[in-house]
Amino acid sequence: SLAREIPITASVIYHYFSDKDELLKEMYLILNKNLGKNRNSLPKVKTASQMLKQRIEFQFDHQEEIVAVLKYYISYRMNFKKFKGGFIPDKSTLHIEEVLKFGIENNEFRTANLEDDSKVIAHAINGFLLEYYPYKLQKNEKKELVDRIYNFMIRALKGGEK
């Protein structure tokens with residue numbers, strides 16, 4: 001179906017990829033790399049709170065790519081290393097770990113376990129992405145949802161403070 005969509009013959013695709021699994025893995029790797037580049041190009045902010053909101057917005061702005069990465073992960077979970085807390089792709093929570101580290105260094109956030117809390121936050125955001133996919137949020141809907149997620153996480157990270 002991909003070959004028909006482009007349009008090329010399927011044999012051209014299989015000249016570069018031995019099978020569907022190899023093609024999907026390459027797409028996953030490229031999407032992850034591009035998401036990382038795009039995330040790294042976000043403007044620098046002064047506070048971890050601002051950074052957290054920026055990362056939540058980023059996830060919604062790149063919903064389609066992130067959902068594709070998540071779908072690959074769900075379908076090929078057995079190819080990922082199992083960790084103490086379950087299966088999770090390498091580097092999948094680094095963008096949230098950066099936020100938490102920044103917040104801890106600046107005495108803005110408190111966390112009992114950086115790695116576990118990063119996973120919880122990343123999974124929570126991704127859960128909302130999946131819940132709304134393929135619906136594209138309108139600007140005001142996105143702002144309201146981002147604000148709700150952000151405000152909840154900020155209360156948790158600041159120990160209940162507003």
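**Salt bridges up close**

**View 1. K142 and D61 pair up across two helices.** In this predicted model, the side chains of K142 and D61 meet in a salt bridge, 2.4 Å from N to O (a side-chain nitrogen of Lys or Arg within 4 Å of a carboxyl oxygen of Asp or Glu). K142 sits in helix α8 and D61 in helix α4, so this pair ties together parts 81 residues apart in sequence. Helices here are DSSP runs (H or I, at least four residues), numbered from the N terminus. K142 is partly exposed at 22% relative accessibility, and D61 is partly exposed at 43%. For these labels, buried is under 20% relative accessible area, exposed is over 50%, and partly exposed is in between (1.4 Å probe, protein chains only).

**View 2. D147 reaches K53.** Their side chains form a salt bridge at 2.6 Å, N to O. D147 belongs to helix α8 (residues 139-157) and K53 to helix α4 (residues 48-61), so the pair links parts 94 residues apart in sequence. D147 is buried at 17%, while K53 is partly exposed at 24%.

**View 3. D147 also meets K143.** This salt bridge spans 2.7 Å, N to O. Both residues lie in helix α8, four residues apart, or about one turn of the helix. K143 counts as exposed, at 51% relative accessibility. Together, K53, K143 and D147 are linked in a network of salt bridges.

**Notes for all views.** Residues are numbered from 1 along each chain as its sequence is written, and side-chain values use heavy atoms, leaving out hydrogens and water. Since the model is predicted, local features need pLDDT of at least 70 and side-chain atom pairs count only at pLDDT 80 or more, while totals for chains, interfaces and linings use all residues.
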